[in-house]
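Please look over the sequence and the fold below before reading on. The paragraphs after them go through the structure part by part.

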Amino acid sequence: MKDLPKQMLYVNDVFSNARDLGLIQVKAQQDEESSRKISIDGKSYISFMSNNYLAFENDERVKEAAIEGIRKYGMQTSISRMYMSFDHYLELEDKLEKIFGLPTFLASSTTLGHFAYLPVIIGRNDAIIMDQFVHESVQLAVSTLKADGYHVEMVKHSQMDMLERRIKMLSEKYDNIWYMADSVYSMHGDAAPMKDIETLLNTYDKFKAYIDDAHGMSWIGEHGKGYALHHIPRHEKMYVITSLNKGFGAFSSALVFPNKLTKQTVYNCGGALRFSAPTLHAGITAASCIADIHLSDEIYERQMRLNELITVFKQKSKELDLPIINYAHTPQFFLGLGSVELLIRFSQFLMSKDFLLSPSTVPAVPVKHSGFRISLSLYQTVNDVKNLLDLLAEYIEVLEKEGSFNKEQVLKGFKMRDKQRHLV
Ligand SMILES: Cc1ncc(COP(=O)(O)O)c(C=O)c1O
């Protein structure tokens with residue numbers, strides 16, 4: 001094998017160590033209480049790892065719909081959608097258009113969707129500004145445009161005043177200025193300042209936004225249309241992509257367009273859609289069942305229950321003064337710890353108490369900003385949330401007493417990097 005570059009070597013070492021300790025890349029089994037709990041080596045853990053916030057994955061109706069999809073259509077039909085689409089694909093797109101209120105097209109993943117969407121909507125003489133923390137999948141797709149000679153730059157995370165200055169500068173030279181952002185950032189769970197984005201869209205003719213709403217889907221908005229479209233239901237210059245395999249709980253992704261012409265153009269010219277296989281039939285029929293739930297009142301009952309969990313989490317972790325990096329009202333939180341060593345010790349403690357969280361370190365976050373991602377979902381009960389927070393507080397106290405953790409210092413490091421700045 002080739003010599004790994006320095007950063008990859010470090011990641012390799014950290015991950016190998018965590019794997020040897022049984023903290024990552026573990027062999028899991030489906031627990032009897034599927035999804036609330038995960039079994040590892042015969043022991044059950046309460047999981048706060050799932051991004052299926054409204055808990056559709058193990059719903060009997062969804063499983064039946066998936067089975068019916070396979071019975072009726074088989075595993076897959078390996079013919080590009082450029083040539084044909086079976087009825088159930090078009091039916092699902094119709095339902096998604098009702099949910100979003102905008103023209104929508106399916107792609108088999110969000111990553112693939114970026115590769116189809118971006119090269120069609122971004123022009124040769126356009127400039128691209130990526131938020132520093134926009135998801136890696138967007139950065140990957142943009143890197144191919146950069147290699148092709150497009151102007152690409154980064155702006156510090158959610159610093160809208162800085163973004164505005166760059167829009168003004170770049171407008172002198174480029175036809176359009178694109179801002180690439182997540183609606184809800186997948187690591188810290190903070191939300192993009194959608195009001196400021198709307199103001200910029202309305203103020204600068206050349207400004208356009210491409211929003212990855214993967215973590216905003218389902219748990220918010222009318223019919224669960226997601227964070228981005230809940231805040232800006234429609235804008236001629238806003239382009240949205242969302243995942244159907246996180247909050248939505250099925251498979252594939254949805255490209256949401258400001259108008260029909262853009263949808264048809266991406267369908268015709270989005271190379272990645274042309275050469276890639278269509279989504280599996282079971283994924284489509286399962287997604288169609290979940291779309292029906294989004295179009296019924298059940299979605300609001302689920303949103304309300306999740307909302308209660310989020311509220312309990314925020315209140316109690318504030319009471320316990322936990323080092324939560326951000327208190328945006330989303331189902332995703334981050335407990336800041338600092339070093340990888342502390343993260344490993346903390347993971348072992350939590351596992352000894354039958355809890356599983358997602359340990360996060362390089363390359364997803366800088367090494368000194370390691371911590372736990374905490375994902376709330378309807379798989380958990382209010383008591384699960386309270387018990388977890390008590391355990392976090394208990395171990396933080398142990399670490400503080402022995403002098404290996406200083407909350408103020410750690411929070412300061414995170415906050416300096418994460419601070420949102422609004423338009424002036
Ligand atoms: C914000 C965001 N965008 C895109 C992706 C990639 O999604 P997919 O697996 O559908 O390609 C992820 C996956 O974690 C994500 O969190």
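Predicted model: local features only at pLDDT ≥ 70, side-chain atom pairs only at ≥ 80, totals over all residues.

Residues are numbered from 1 along each chain as its sequence is written, and side-chain values use heavy atoms, with hydrogens and water left out.

Begin with the open sheet of 7 strands, whose order is β4-β10-β9-β8-β7-β5-β6 and whose pairing is mixed. Helices (H or I, at least four residues) and strands (E, at least two) are DSSP runs, numbered from the N terminus. Two strands pair if DSSP finds at least two bridges between them. The edges are held by β4 (104-107) and β6 (151-155); each has a single partner strand, so one side of each is left without a neighbour in the sheet. From one strand to the next, the twist averages 20°. Within this sheet, β9 (residues 238-243) and β10 (residues 253-256) run antiparallel and are joined by 4 bridges. V240 has V256 in β10 as its bridge partner. Helix α3 (residues 87-100) packs on the sheet and touches β4, β9 and β10. The direction of α3 makes about 125° with that of β4. For such angles, axes are lines fitted to C-alpha atoms, for helices over the stretch in contact, and the angles run from 0 to 180 degrees between N-to-C directions. Contact means heavy atoms within 4.5 Å.

A second open sheet has 4 strands in the order β1-β2-β3-β12, again with mixed pairing. Its edge strands, β1 (28-30) and β12 (355-356), each pair on one side only. β1 runs antiparallel to β2 (residues 37-40), and 3 bridges join the two. A28 has I40 in β2 as its bridge partner.

Which residues surround the ligand? They are S109, T110, T111, H135, S137, D182, S186, D212, A214, H215, N245 and K246, where a residue counts as near if one of its heavy atoms lies within 4 Å. By class, this shell has 1 nonpolar, 8 polar and 3 charged residues. Here Ala, Val, Leu, Ile, Met, Phe, Trp, Tyr, Cys and Pro count as nonpolar, Asp, Glu, Lys and Arg as charged, and the others, Gly among them, as polar. An oxygen atom of the ligand is 2.6 Å from an N or O atom in the side chain of T111. For H215, the side-chain N or O atom is 2.9 Å from a ligand oxygen, and for K246 the distance is 3.0 Å. The protein covers 82% of the 400 Å² of accessible area that the ligand has on its own, by the Shrake-Rupley method with a 1.4 Å probe.

The loop between β8 (207-212) and α8 (227-231) holds S218. Phi of S218 is near 75°, a positive value in a residue other than glycine. H223 lies in the loop between β8 and α8 as well. Leaving aside neighbours within four places in sequence, H223 is in contact with K98, I99, H294, L295, I299 and Y300. The C-alpha atoms of H223 and I293 are separated by 8.5 Å, with the two residues 70 apart along the chain.

Another loop, between β13 (358-360) and β14 (370-375), contains P363. The peptide bond joining V362 and P363 is cis, with omega about 0°.

Note on methods:
Polar contact = N/O pair within 3.5 Å; in protein donor to acceptor, adjacent residues only side chain to side chain.
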